Amino acid sequence: MEYLCLKSRNSHVIEMSTTLILLGLLVLSLQVAECRSKQPLGNLEFLALNCRKHSAVLTDFGGVGDGKTSNTKAFRSAIDKLSKLASDGGAALVVPPGKWLTGSFNLTSHFTLYIHKDAVLLGSQVESEWPRLPVLPSYGRGRDAAGGRLSSLIFGTNLTDVVVTGANGTIDGQGAYWWGKFKKNQLDVTRPYLIEIMYSNQVQISNLTFVNSPSWNVHPIYSSNVIIQGLTILAPVDSPNTDGIDPDSCTDIRIEDCYIVSGDDCIAVKSGWDQYGIKVGMPTQRLVIRRVTCISPDSATIALGSEMSGGIRDVRAEDITAIDTQSGVRIKTGVGRGGYVKDIYVRRMTMKTMKYVFWMTGSYGQHPDPGFDPKALPDIHGINYRDMVAENVTYSARLDGIPNDPFKGICIFNVTITLTKKPKELQWNCTDVQGVTSRVTPPACSLLPEKKPVDCPFPADRLPVEDLKLKRCFIVSSVPF
Ligand SMILES: *[C@@H]1O[C@H](CO)[C@@H](O)[C@H](O)[C@H]1NC(C)=O
Ligand SMILES: *[C@@H]1O[C@H](CO)[C@@H](O)[C@H](O)[C@H]1NC(C)=O
Ligand SMILES: *[C@@H]1O[C@H](CO)[C@@H](O)[C@H](O)[C@H]1NC(C)=O
Ligand SMILES: *[C@@H]1O[C@H](CO)[C@@H](O)[C@H](O)[C@H]1NC(C)=O
Ligand SMILES: *[C@@H]1O[C@H](CO)[C@@H](O)[C@H](O)[C@H]1NC(C)=O
Ligand SMILES: *[C@@H]1O[C@H](CO)[C@@H](O)[C@H](O)[C@H]1NC(C)=O
Ligand SMILES: *[C@@H]1O[C@H](CO)[C@@H](O)[C@H](O)[C@H]1NC(C)=O
């Protein structure tokens, strides 16, 4: 309780959170009475996997929100101190209004980072503020360079129960510095992401705006029970590798109500790269994606791969909107990847101004090193798409399987595609694929013959992650936020 305003002169935050509204209001009114003599109250209310008993504000640890002073030490010492409260009800750290320049820092368990709606975290451009981490075991090397990789702005590993949220507070990666170095080939290390959470269970990232990430935005890897909700992710459409959300070797994950404009895939589902991914063998599975809007003229709305060597299965995507985007759902794989993409279900996509509606690529290059196994062929089957409308489309489909390793069990039902003013002649360009279609216009290729009646499935059961409930939490402060 060392951060309660009743006991600590410098502290701004005085209240704990509770799941019981009644109890919350009771405690709240008591605290109001005790603190009224000091200052007026601000309070924060939000939804989270778990509420915390303790809370503190970044300024309690020497944070300065002027946009110029480095807050790296303040973040690190705050979270280090608050980590000691993990076994006593956990703690929340509030980033108050202001501009908070910082390098990378690590999260802890039973912890909430709350970024106020008028707070902006600014990613530092001083490279010594970003520790180097070893390469990911399922990748074998860094994605940008063979050396290590820089820790994400917000990083967490081996955690249980961690929440990063706000009422649409902002995390600005100031990525132009890194994009410049990448384009000039000046990097000997992989660029940092905005958030990466590894080997963790019970993770929530919600109600925030991410802008100008140096590279990928949100990267949960080797984790389970992950909820990603209410994110706005913005990057210039020509910025390199600014993927929106990359669920990677994760089980039980739910991504919903996100708006993404980016220079790479809006959502890229992954599970490791060639021989390294095959060896680690951790799939991404039981993934729900819903109510996502994507704008990405050179990339996919939802990519499956290209790094899929640990396997991708049971993905359920629905109510997806794409505007001015290169493709809808795209499968990317190649010889050497191994692994599988199976039991994929997508329904109710609305698309406008698309180069391709459907795209599958079996010849995606890019290997980590020459040590990949040319006999490691991916197994692609059980791909179900239904109830889609697309307007102003250049190509309906480009479906390239792998010779002697066809993509099987493709099912497409009830899809209406309207073409651009000058459409290409060959609308469905198919090689090495097998499956069926029904009620699709323009009609599909001969490898996907019309079969009536066909009703491509979408599972009727619910995944456990859909039933993970969020609790109503409060943080009450002696200063108005
Ligand atoms: C995010 O904000 C919206 C409204 O702005 C709210 O309905 C939703 O519950 C919030 N989600 C979380 C996880 O706080
Ligand atoms: C964060 O954790 C990683 C992995 O344990 C460690 O290598 C890194 O140095 C930590 N970063 C900081 C700033 O303490
Ligand atoms: C984190 O978890 C992984 C996988 O369980 C384990 O290999 C690793 O040693 C753990 N790291 C730490 C710092 O506990
Ligand atoms: C969050 O902020 C972004 C950027 O300013 C804005 O585009 C978006 O509409 C906001 N979201 C909500 C739910 O207010
Ligand atoms: C249709 O798509 C073309 C690109 O193929 C684009 O230039 C044009 O602006 C789009 N039209 C509308 C009405 O969105
Ligand atoms: C076909 O898809 C449209 C658009 O999603 C939907 O409104 C309609 O109900 C679907 N029809 C059938 C027969 O499922
Ligand atoms: C059809 O796809 C193949 C690749 O599978 C490509 O080489 C060819 O150019 C495409 N044809 C047309 C007319 O777009």
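The model is predicted: local features need pLDDT of at least 70, side-chain atom pairs count only at pLDDT 80 or more, and totals for chains, interfaces and linings use all residues. Residues are numbered from 1 along each chain as its sequence is written, chains are lettered from A and ligands numbered from 1 in the order in which they are written, and side-chain values use heavy atoms, with hydrogens and water left out.

**Ligand 1**

Select ligand 1 together with Leu-47, Gln-204, Ser-206, Asn-207, Gln-229 and Leu-470, the residues around the ligand; a residue belongs here if one of its heavy atoms lies within 4 Å of the ligand. Next, display the polar contacts, which are pairs of N or O atoms within 3.5 Å. The side chain of Asn-207 places an N or O atom 2.3 Å from an oxygen atom of ligand 1, and a polar side-chain atom of Gln-229 is 3.3 Å from a nitrogen atom of ligand 1. On its own, ligand 1 has 360 Å² of accessible area, of which the protein covers 49%; such areas come from the Shrake-Rupley method with a 1.4 Å probe.

Which strand gives the most to the shell around ligand 1? Strand β15 (residues 201-211) does, with three residues; strands are DSSP runs (E, at least two residues), numbered from the N terminus.

**Ligand 4**

Move to ligand 4 and select Asn-168, Thr-209 and Thr-232, which surround the ligand. An oxygen atom of ligand 4 lies 2.5 Å from a side-chain N or O atom of Asn-168, while Thr-209 has a polar side-chain atom 3.2 Å from an oxygen atom of the ligand.

**Ligand 6**

Ligand 6 is surrounded by Arg-386, Asp-387, Phe-413, Asn-414 and Arg-439. Select Asn-414 to find a polar side-chain atom 2.3 Å from an oxygen atom of ligand 6. At Asp-387, a polar backbone atom is 3.4 Å from an oxygen atom of the ligand. The protein buries 46% of the 360 Å² that ligand 6 exposes when taken alone.

**The interior**

Finally, select Leu-107, Leu-113 and Phe-358, which touch the most other members of the largest nonpolar core, a set of 95 residues. A nonpolar core consists of buried Ala, Val, Leu, Ile, Met, Phe, Trp, Tyr and Cys residues joined through side-chain atoms within 4.5 Å, where buried means under 20% relative accessible area (1.4 Å probe, protein chains only). Strand β24 (residues 340-361) gives the most to this core, with nine residues.

Key: Polar contact = N/O pair within 3.5 Å; in protein donor to acceptor, adjacent residues only side chain to side chain. Helix = DSSP H or I, 4+ residues; strand = E, 2+ residues; numbered from the N terminus. Buried < 20%, exposed > 50% of the residue type's maximum accessible area, 1.4 Å probe, protein only.
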